[in-house]
Amino acid sequence: MRVAMLFGQTRPARPEEWHKAAATVADVVDVVAVRELSLPAVRGLPYAGRDPERPHHYQVAVPHGGAMARRVTAGRVGGVLRHEAAECGRFDLLHGHVPGADDLLPRLARSAGLPYVLTEDDPRLFDHPTRPLPGLPLRRARARLYRDAAAVLAVSDALLLRLGELRLPGRHRLVPHPVGPEALPPVPARARISQDPVRVAAAGRFEAYEGWEVLVRAFAGARVKDPRLRLDIIAEGPVELPADIRELIRKCGVAHFVTVRRARGRAEALHTVAHADLFLMASHVESFCVRALDALCCGTPVVGTRTGALPELVGHDGGLLVDPGDAPALGRALAQAAARLSGRRPAALADRTRRRFGTAAVGARLAVVYAEASGRA
């Protein structure tokens, strides 16, 4: 089976891991929408680039503009797919990721005469003030997109339930984010005594939905109960800790127990998380939460909020969860988790999570969806 996987400019977390999961069961070609090409141009297709080391990975330049630009982009992606089909054979299926590929899928499906499936990963569907629900025109367009899809793949149980609450049409399925085991560090051996500092890691881009005020207040409250706690914040991307959060850390009296560092890539961030005792997050709303997935794959329990896939990820031995926005409850949970560290089994936690959410496990789910969608069930 040949699958064209389409990524708009708004891409899911780690699209390469979606490719690897699908590639366990199909011949996959990636087409990624970008503003400017960073790959060598394809002969005869000046708007498209191709990776010489991964010949089934393409870029398509997206022009500026509105509806006309979207039509042009769909036409360009169609040109890439025809070029690839002429070289290596026809496609059986389109797989797009939403938000991002919304405007590409219907036009391409009609022009190519192919069915499509889409992965839904839009946290705005939960309608939180930090990520409000899209307006009515966009929701109507999303409903049309769903109606014509062979399958709609929600990345978490919470999102799957939300699609039903919003009465969005289509054949809804659960297919979670995959994680590639080859990118993960070994689970470190952890020998500790009760007097050792308790290392707590947190990571993010300091967006409003990540709940940093709640996280700082929770950490300060937990330190009152357990003064061993230390917090290591990993800044993702070229961003600084906001001034209001720095001031809150000072006012809460924990400035000497909080460090902020910028990771030079995912490997460094994973190393920090793998050597932490606990991973702390306070998101108000998530559709999945790949940071928590990473922590659990490193054998580090999560103390966080019941949002996105956290209830599925954490399970019975992966940490503690509280309602979003409740700093005192999150602080109590952090102190409680710190008191339980002697009973941890990091290797077992990492193994369970890696097997459940690895590319092979998610690929098996995709195989069922692809077979049904292409009529080969």
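The largest pocket has a volume of about 960 Å³. A pocket is an open set of points on a 1 Å grid over the protein atoms alone, with protein on both sides within 12 Å along at least five of seven lines. Its volume is the space filled by probe spheres set on the points, which are joined across faces, edges and corners. The model is predicted: local features need pLDDT of at least 70, side-chain atom pairs count only at pLDDT 80 or more, and totals for chains, interfaces and linings use all residues. Residues are numbered from 1 along each chain as its sequence is written, and side-chain values use heavy atoms, without hydrogens and water.

**Largest pocket**
- The lining has 36 residues; closest to the pocket centre are Ala13, Arg205, Tyr209, Val290 and Arg291. Lining residues have an atom within 4 Å of a point.
- Strand E6 (93-98), strand E11 (229-235), helix H8 (266-274) and helix H9 (290-297) each give two or more residues to this lining. Helices (H or I, at least four residues) and strands (E, at least two) are DSSP runs, numbered from the N terminus.
- H8 provides the largest share, four residues.
- The lining divides into 17 nonpolar, six polar and 13 charged residues. Ala, Val, Leu, Ile, Met, Phe, Trp, Tyr, Cys and Pro count as nonpolar, Asp, Glu, Lys and Arg as charged, and the others, Gly among them, as polar.

**Helix H3**
- Contact means heavy atoms within 4.5 Å.
- Gly113 follows H3 and has a positive phi, near 65°.

**His172**
- His172 sits in strand E9 (residues 172-174).
- Its contacts include Tyr146, Val152, Leu160 and Leu163, leaving aside residues up to four places away in sequence.
- The C-alpha atoms of His172 and Leu160 are 7.0 Å apart, with the two residues twelve apart along the chain.
- The His172 side chain reaches the backbone oxygen of Leu168 at 3.2 Å.
- A polar atom of that side chain lies 2.9 Å from the backbone oxygen of Pro169.

How values were computed:
1 Å grid on protein atoms, 1.4 Å probe; cavity = no way out; pocket = protein on both sides within 12 Å on 5 of 7 lines; lining within 4 Å. Polar contact = N/O pair within 3.5 Å; in protein donor to acceptor, adjacent residues only side chain to side chain.
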